[in-house]
Amino acid sequence: MSIVALLEELERAPHFARNITAWQRQEPCAARLAPLPPECHPELAAALQAKGIRSLYSHQALAWQAVKQGRHVAVVTPTASGKTLCYNLPVLDALLRDPRARALYLFPTKALSQDQLAELNDLASRLSAAVGPAVYDGDTPTSARSSIRRTARVVITNPDMLHQGILPHHTNWMGFFQNLRFVVLDEVHTYRGVSGSHVANVLRRLKRVCAFYGAAPEFICCSATIGNPLELATRLVEEDIALIDEDGSPKGEKHLVFYNPPLLDAQTGLRRGALLEALSLAARAVEADVQTIVFARSRQSAEVLLTYLRDTLRKRDLNPDAVHGYRGGYLPTERRQIEKALRDGSARAVVSTNALELGIDIGNLDACVMAGYPGTIASTWQQAGRAGRRRGASVAVLVASADPLDQYIVRHPDYFFGRSPEHALIHPDNPRILESHVRCAAFELPFRDGENLGAAEATPEILARLEQEGVLRHAAGTWYWMSEAYPADGLSLRVADADAFTVESADDEGRPRAIGVVDRASAPKFLYPGAIYMHEGRQYLVESVGWDEGRAVVQPVQVDYYTEAMSASDVAVLRVAQEDAPGGRAWGDVQVTRRVTGFRKVKMYTHETLGWGDVNLPEQSMETTAYWLTVPDAVAATLRAAGAWDLEPIADYGPNWEAQRELARQRDGYRCRLCGAPERPGRQHDVHHLVPFREFGYVPGENERYRQANDLGNLITVCHTCHTRIETSKAAESGLHGLAHVLVHLAPLFLMASPQDLGVSASVRAPGTRMPTIYLYDDIPGGVGFAERLYELHWHLLQAAEELIVACPCADGCPSCVGPVEDPEAQTKAQTLLLVQEMLRLRA
């Protein structure tokens with residue numbers, strides 16, 4: 001079936017058509033062309049013509065002109081618009097004219113590096129001069145590295161290898177750096193947050209080494225469409241950059257459809273799951289022989305959806321092996337095989353995380369199904385752009401989940417189609433990140449007095465601290481590295497990937513073999529005894545986890561469930577950077593302590609809870625930045641007057657309270673009776689009254705009713721997180737947690753972030769403020785600027801929250817607005833709306 005016929009079938013299908021909230025058709029358009037530049041080297045022009053390239057797209061021609069003028073360039077056009085030629089053309093031309101010239105290509109992933117090597121080799125094979133492109137990364141054999149350093153004229157690598165394997169050993173690359181003419185930085189939009197902040201500092205170090213060898217290379221940056229490409233490229237490179245954002249490539253007919261799964265219960269707002277709806281669409285596309293890519297938002301979702309899709313195809317007598325998974329954690333050889341199968345057509349569908357969002361060559365797919373909003377407008381267009389190339393029709397369907405962000409997008413399609421993509425934020429001068437790179441730069445070359453690392457004005461202070469630490473020596477106006485340590489070796493550019501866990505399973509002969517990797521920060525979510533670890537649609541039971549050695553042992557199983565970890569977090573304010581007490585907002589530095597407290601077993605397809613399990617893993621702490629919303633006394637008083645909140649603390653629990661409290665903790669084994677979490681060193685659990693203490697009517701000096709209230713049968717041990725949930729009035733707790741649920745899901749509307757980039761914690765009596773407080777924190781050590789931006793967007797965020805809650809058709813609250821409602825009597829939706837509206841009144 002053709003893609004056009006499939007689209008017509010979907011339009012006619014009542015069950016599909018009635019759930020469409022938007023259907024935008026992008027008209028096909030012809031290319032805007034320019035002739036090959038007459039000054040292009042004749043041999044290169046002939047090689048291009050031999051490949052069928054007889055003219056350039058307009059943006060390729062503009063890039064050529066800017067580079068030839070000696071400008072640093074940022075090319076910003078959509079997926080599959082021919083950005084590769086924007087840098088290959090001027091680079092190869094220069095290499096043909098100057099046999100000493102060199103170029104450095106930086107890509108965010110090894111897979112993209114391999115793609116570019118194939119493209120360059122194809123062109124190089126048509127040229128008489130030796131261009132010598134070579135990949136130099138962690139997979140490059142040791143035996144080949146010396147030859148590459150001596151002879152390669154185009155070195156293709158990634159920022160991680162540049163950081164750890166090239167810059168610290170720059171003396172081995174002297175000839176390369178002396179003649180470095182170009183640095184190509186592709187997929188610039190991916191360098192945001194902590195990764196982008198690290199990369200900006202690696203580029204500072206690169207420019208410093210180049211200057212030492214007398215080189216000043218031109219930077220050619222390429223990016224997908226984001227809201228601030230020029231600002232981002234300028235912050236990364238710290239140079240004046242020419243922006244080229246006129247897309248001259250042709251476009252085929254493209255359809256982007258927003259689909260909201262049907263309501264199953266209008267009262268509760270319960271909808272059919274996004275994974276199941278995505279499954280139906282993907283299965284129909286594969287059945288119609290339409291090659292399809294399905295994007296899921298997490299590793300877990302991708303593996304579950306892959307399992308569902310293979311099961312469905314098997315039942316329809318179709319080949320389940322024609323469908324593959326693709327995500328981080330797969331071994332490189334697996335990923336290369338899957339990419340090849342997609343290009344040659346033997347793979348008819350792939351279920352991927354955003355690992356395939358970038359420009360890896362996977363051929364010409366016709367359909368894209370997104371199981372949930374990808375988190376940003378920019379990522380949505382990137383994923384949709386993986387289907388459909390320059391000719392013919394294609395379709396991308398966004399299947400909304402029940403998350404508030406998804407529901408806001410599909411109910412406000414004009415917001416999506418009428419808004420520029422989000423801004424990418426980086427913070428190169430993050431104190432922790434900057435100090436780490438000053439260490440690396442000092443190891444590479446001594447610092448002179450007054451010299452900064454790039455534009456970082458804090459460099460002298462950091463050098464002085466490092467001298468006190470004993471790793472630098474200051475003599476004759478120069479700072480020398482004195483330590484035997486190799487600082488780059490212990491610094492990861494991707495915090496999430498640092499210190500990875502290896503997942504091992506026994507092979508047929510009983511020998512352990514690695515089947516995947518999980519970064520340490522994510523390991524508690526996926527690797528704990530009893531967890532079901534999923535890989536390429538196969539299930540493995542986690543038997544043991546060696547936390548210190550970073551190793552998990554699993555065995556293959558076949559069960560009808562998967563597992564989800566449950567976690568809790570505490571936030572302590574370390575420093576207030578800015579505060580608007582009357583408006584109930586602040587931001588600053590915080591310490592976040594997190595722990596996984598247990599897990600639940602979730603039945604396949606029905607998603608019902610089959611059971612629970614305990615987890616006992618070390619807690620993790622980090623310092624970061626947070627924006628927090630506090631409910632001022634005036635608002636709390638208004639809510640109390642309306643009978644909504646009761647937050648008055650109890651000052652006196654009677655003279656036997658401390659003794660009874662200790663007995664209760666001993667009896668319960670110093671574990672939370674609700675979630676099972678053990679007490680942590682230096683922090684005792686709380687003790688809760690099952691029948692509220694107030695109801696006994698104790699009056700100090702007048703009666704002894706505290707005895708009945710503090711009877712051991714009325715006391716249970718609970719952790720602080722569980723205590724907060726049960727101790728406060730239902731209305732106060734439900735309203736605050738309902739608003740927290742809304743805010744953490746809506747925040748990515750205003751940031752180039754996904755919900756996973758932010759953490760949330762809410763407490764009716766937060767330790768740091770002693771007031772009802774919601775914290776939204778950067779889920780990155782040191783922070784990258786989200787908190788400050790959210791502080792600035794405080795009122796816009798609350799306004800969007802009010803709009804979402806009012807527009808949701810549910811009666812008492814649902815996952816699409818204020819979160820799942822377990823107790824209808826709590827009136828979560830009404831209480832959350834009341835809280836938002838009272839907070840908005842503070843703006844006046």
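## Close-up views of the predicted model

**View 1. Y259 stands opposite V399 in β18.** Strand β11 (residues 254-259) runs parallel to strand β18 (residues 394-399), and 6 bridges join the two. Two strands count as paired if DSSP finds at least two bridges between them. Strands (E, at least two residues) and helices (H or I, at least four) are DSSP runs, numbered from the N terminus. This is a predicted model, in which local features need pLDDT of at least 70 and side-chain atom pairs count only at pLDDT 80 or more, while totals for chains, interfaces and linings use all residues. Residues are numbered from 1 along each chain as its sequence is written, and side-chain values use heavy atoms, with hydrogens and water left out.

**View 2. Seven strands make up an open sheet with mixed pairing.** The strand order is β1-β11-β18-β17-β14-β16-β15. The edges are β1 (20-26) and β15 (323-326); each has a single partner strand, so one side of each is left without a neighbour in the sheet. On average, neighbouring strands are turned by 15 degrees against each other, direction ignored. Helix α13 (residues 299-315) packs on this sheet and touches β14 (292-296), β15, β16 (349-352) and β17 (367-371). Contact means heavy atoms within 4.5 Å. The direction of α13 makes about 175 degrees with that of β15; axes are lines fitted to C-alpha atoms, for helices over the stretch in contact, and angles run from 0 to 180 degrees between N-to-C directions.

**View 3. Helix α15 (residues 377-384) is largely enclosed by the rest of the structure, because 7 of its 8 residues are buried.** Buried means under 20% relative accessible area, exposed over 50%, and partly exposed in between (1.4 Å probe, protein chains only). The buried residues of α15 are I377, A378, S379, T380, Q382, Q383 and A384. Their cover includes β11, β14, β17, β18 and α17 (413-418).

**View 4. Strand β25 (residues 538-546) pairs antiparallel with β24 (residues 532-535) and with β26 (residues 551-557).** Four bridges join β24 to β25, and H535 stands opposite R538. The hairpin of β24 and β25 has 2 residues between the strands, and E536 takes a positive phi near 55 degrees. β25 and β26 pair over 7 bridges, with V557 of β26 as the bridge partner of Q539. In this second hairpin 4 residues lie between the strands, and G550 in the turn has a positive phi of about 65 degrees.

**View 5. Aromatic pairs number 22 in the whole structure.** F416 and F417 form an edge-to-face pair, because their ring centres are 5.1 Å apart and their planes stand at 85 degrees. Rings of Phe, Tyr and Trp (its six-membered ring) pair if their centres lie within 6.5 Å; planes under 30 degrees apart count as stacked, over 60 as edge-to-face and the rest as tilted. F416 is buried at 1% relative accessibility, whereas F417 is partly exposed at 25%. Y653 and F693 are also edge-to-face, with centres 4.9 Å apart and planes at 65 degrees. Their pair links distant parts of the chain, 40 residues apart: Y653 is in the loop between α21 (633-641) and α22 (657-667), and F693 in the loop between β31 (686-689) and α23 (706-709). F693 is buried, at 6% relative accessible area.

**View 6. R208 lies over the face of F447, and R585 over that of Y791.** The distance to the ring centre is 3.9 Å for R208 and 4.5 Å for R585. A charge sits over a ring if NZ of Lys or CZ of Arg is within 6 Å of the ring centre and within 35 degrees of the ring normal.
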